[in-house]
Amino acid sequence: MSQVAIQSAFFPPIQQISHIMRYNQVVIEQHDTYAKQTFRNRVQIAGPNGLQNLSIPVIKPHGSKTKMKDILVNNEKDWQDQILKSIRTAYRNSPFYEFYIDDFAKILNTQIPKLFDLNLQLLRAILELLEIDTALIPSSDYQHNYEIDLRNIAHPKPQHKENDNCYNPVSYHQLFSEKYGFIENLSIIDLLFNEGPLSYFYLEKTIVNKKLSP
């Protein structure tokens, strides 16, 4: 079985889920050094004012050398209400908002201490909603090389992304597309709230170069 590794992400971008669904199991990296302004604690959605970045406040116990597994969520700040309010503003009129928001709100309001654990719980919930049965395995140490290394395929800043010839961001209905056009590779919640049960079939359309998958 191929060894596949992917970066931990908060409400991951669609591109990550498109790759995850290809494999029977995926390693979620937790021993890398935490880097700010990444999808580790940030999510991109489409709201009334266009592309919007939401982020979780974190605490780095060991400063700039803190590993992802040790990053703490700063639950002293009222970030849960702020993020849920922003998501509600963006998606309350979308067709499937009411079908999924309670699942996500329950996890966010649990006040999970570590960012990696929060991200992993959200990812497992997302895969369950999508009926994707990929096993998620937290990394046991840091490896420089994986047979299939997807840890840097997605980044909020385009200049930091790696080329990805296995993902095709085909369009789907977005709530504010008439105003801003189609915005590709938003958080998976954008797809779920807009496409609901059809999200799985959309994800299949984004997969190219299937021969590279096991």
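How many helices and strands does the secondary structure of the protein come to? The count is 7 helices and 8 strands. The model shown in these views is predicted.

**Figure 1. Overall fold of the protein.** The C-alpha atoms fill a box of roughly 45 × 45 × 30 Å, taken along the principal axes. For 214 residues, a compact globule would have a radius of gyration near 17 Å, and the 16 Å of the protein agrees with this. Of the 214 residues, 52% are buried.

**Figure 2. Salt bridge between Arg151 and Glu29.** The closest N and O atoms of Arg151 and Glu29 are 2.8 Å apart. This pair links distant parts of the chain, 122 residues apart: Arg151 is in the loop between β8 (148-150) and α5 (177-180), while Glu29 belongs to strand β2 (residues 25-29). Arg151 has a relative accessible area of 7% and is therefore buried. Glu29 also counts as buried, because its relative accessibility is 1%.

**Figure 3. Salt bridge between Asp149 and Arg151.** The closest N and O atoms of Asp149 and Arg151 are 2.7 Å apart. Salt bridges with shared partners join Glu29, Asp149 and Arg151 into one network. Asp149 is partly exposed, with a relative accessible area of 29%; this value falls between the limits of 20% for buried and 50% for exposed.

**Figure 4. Salt bridge between Arg40 and Asp32.** The side chains of Arg40 and Asp32 meet at 2.7 Å, N to O. Both residues are buried. In the model as a whole, the count comes to 4 salt bridges.

**Figure 5. Negative surface patch with residues from helix α3.** The patch is formed by Glu98, Asp102, Asp103 and Glu128. Helix α3 (residues 97-108) supplies the largest share of the patch, 3 residues. Glu98 lies in helix α3. At 60% relative accessibility, Glu98 counts as exposed, because the limit for exposed is over 50%.

**Figure 6. His62 in the loop between β5 and β6.** The loop that holds His62 runs between β5 (58-59) and β6 (72-73). Is His62 buried or exposed? His62 has a relative accessible area of 53% and is therefore exposed. Asp117 is 55 residues from His62 in sequence, and the two are 18 Å apart in space, C-alpha to C-alpha.

How values were computed: Residues are numbered from 1 along each chain as its sequence is written. This is a predicted model: local features need pLDDT of at least 70, side-chain atom pairs count only at pLDDT 80 or more; totals for chains, interfaces and linings use all residues. Side-chain values use heavy atoms; hydrogens and water are left out. Patches are made of residues with over 30% relative accessible area and no salt bridge: like charges are joined within 9 Å, nonpolar side chains (Val, Leu, Ile, Met, Phe, Trp, Tyr) within 5 Å. Accessible areas come from the Shrake-Rupley method with a 1.4 Å probe; for residues, only the protein chains shown count as cover. Lys and Arg count as positive and Asp and Glu as negative; His and the chain ends are not counted. The place of a charge is taken as NZ of Lys, CZ of Arg, CG of Asp or CD of Glu. Helices (H or I, at least four residues) and strands (E, at least two) are DSSP runs, numbered from the N terminus. Buried means under 20% relative accessible area, exposed over 50%, partly exposed in between (1.4 Å probe, protein chains only). The radius of gyration is taken over C-alpha atoms; the globule rule is 2.2 Å times the number of residues to the power 0.38.
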